[in-house]
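Student: I have a new structure to read. Please show me how to go through it, feature by feature.

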Amino acid sequence: MFHHHDISRDAFMLHGPLAHHGYDWWWHSFTAQDAETGEDKPFFIEFFICNPALAEDAPVLGQLPANKAAGKRPSYLMVKAGTWGPEHFQLHRFFSLHDTRIHGDAPYEVEAADCYASETALRGSISISPEEAAFHPEWMCDAGALSWNLKVDKQIAFNVGYGASKPLRDAEAFAMYWHAEGMKTAYQGEITCNGRKYTVSPEKSFGYADKNWGRDFTSPWVWLSSSCLKSRKTGEVLTNSVFDIGGGRPKIYFMPLDRRLLGVFWYEGKEYDFNFSHVWLNVKTAFSFEEQDELVHWSVLPENRHAACQL
């Protein structure tokens, strides 16, 4: 049922030029339920490392006018957490990388104060007052309080293949790399959001976990994923299915590749690969979107030499 693709040590440690001009981030998103009402609420948590070789005793924020004037590039660990929906917000907490413990070998670990991330656990807290948020626009965050204590069970992986292989990582061929070790991830634990308790259960978390790293960001960036799926044919909930699509305009050796998506559909235990870097599959992907008042409607049609899938 499950499969994993371990990426070697190099993918978990910024080295060479990327240590001076690079980033590494681990992303988690999932659904929790209000402990009193049972209502669903989506959350996200991210650990983001930037330019570790430029670390100072305090986090260096590139948006500050003084740092811009001095030509300083940013360097920090940023812990991001927040929620979507009517009461959406995002919170940022910054640490000097001198105060951060990073275990580069797989499985990874990142820890600063009470914030901790690994392959199997997430812990931490962020509290930003309205006065702090107003006084520190360089934090680029809202006011609020969020704390979490979660177990992480990454069940199904998406290996993007040659684009994240060791030769291309060593050559730093791509501006941005992506690996979804947990495109289907079960989370378990508790969230406290602005004083309100939420329960996270493996059966209802519908979680996702990945990592991105590189020297620049893909713009535009497309990312679509879900493990909460229902069959159009039978009407039944699919308990062992997930799709994951990412890409947009990736750069290889600073040359952009327009309208390229990597995709996979794991359907009840069977994998359908729609990865354009796997040239032997003759992958073609057409996609479009329509922005409505409250929704963005995506249509993605990936095809390979063996199968087609409409999402």
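Student: Which residue's side chain does K72 meet in a salt bridge?

Tutor: In general, side chains of opposite charge can pair when their charged atoms come close. A salt bridge here is a side-chain nitrogen of Lys or Arg within 4 Å of a carboxyl oxygen of Asp or Glu. In this predicted model, K72 meets E56, at 3.3 Å from N to O. K72 sits in the loop between α2 (65–69) and β3 (76–83). E56 sits in the loop between β2 (40–50) and α2. Helices (H or I, at least four residues) and strands (E, at least two) are DSSP runs, numbered from the N terminus.

Student: How many salt bridges are there by this rule?

Tutor: The count is eight. One of them joins R196 and D34, at 2.4 Å from N to O. R196 is in strand β11 and D34 in strand β1 (residues 23–34), 162 residues apart. D34, E36 and R196 form a network of salt bridges.

Student: Is D34 buried or exposed?

Tutor: Buried means under 20% relative accessible area, exposed over 50%, and partly exposed in between (1.4 Å probe, protein chains only). D34 is buried, because its relative accessible area is 6%. R196 has 34%, so R196 counts as partly exposed.

Student: Which residues have the most contacts inside the largest nonpolar core?

Tutor: A nonpolar core is a set of buried Ala, Val, Leu, Ile, Met, Phe, Trp, Tyr and Cys residues joined through side-chain atoms within 4.5 Å. The largest has 60 residues; those with the most contacts inside it include F47, L77 and W148. A second, separate core has 14 residues, among them L261 and C309.

Student: In what order do the strands of the open sheet run?

Tutor: Strands of a sheet pair through backbone hydrogen bonds, either parallel or antiparallel. Two strands pair if DSSP finds at least two bridges between them. Here four strands run β13-β16-β19-β20, with antiparallel pairing. The edge strands, β13 (221–226) and β20, each pair on one side only. Strands β19 (residues 260–267) and β20 pair over six bridges.

Student: What is the phi of N282?

Tutor: Most residues other than glycine have a negative phi. N282 has a positive phi of about 50°. N282 lies in the loop between β20 (270–275) and β21 (284–291).

Student: What average pLDDT does the chain have?

Tutor: pLDDT is the predictor's confidence in each residue, from 0 to 100. The chain averages 86, and 88% of the residues score at least 70. Over residues 1–12 the pLDDT is below 50.

Student: Which conventions apply?

Tutor: Residues are numbered from 1 along each chain as its sequence is written, and side-chain values use heavy atoms, leaving out hydrogens and water. Local features need pLDDT of at least 70 and side-chain atom pairs 80 or more, while totals for chains, interfaces and linings use all residues.

Definitions and conventions:
Contact means heavy atoms within 4.5 Å.
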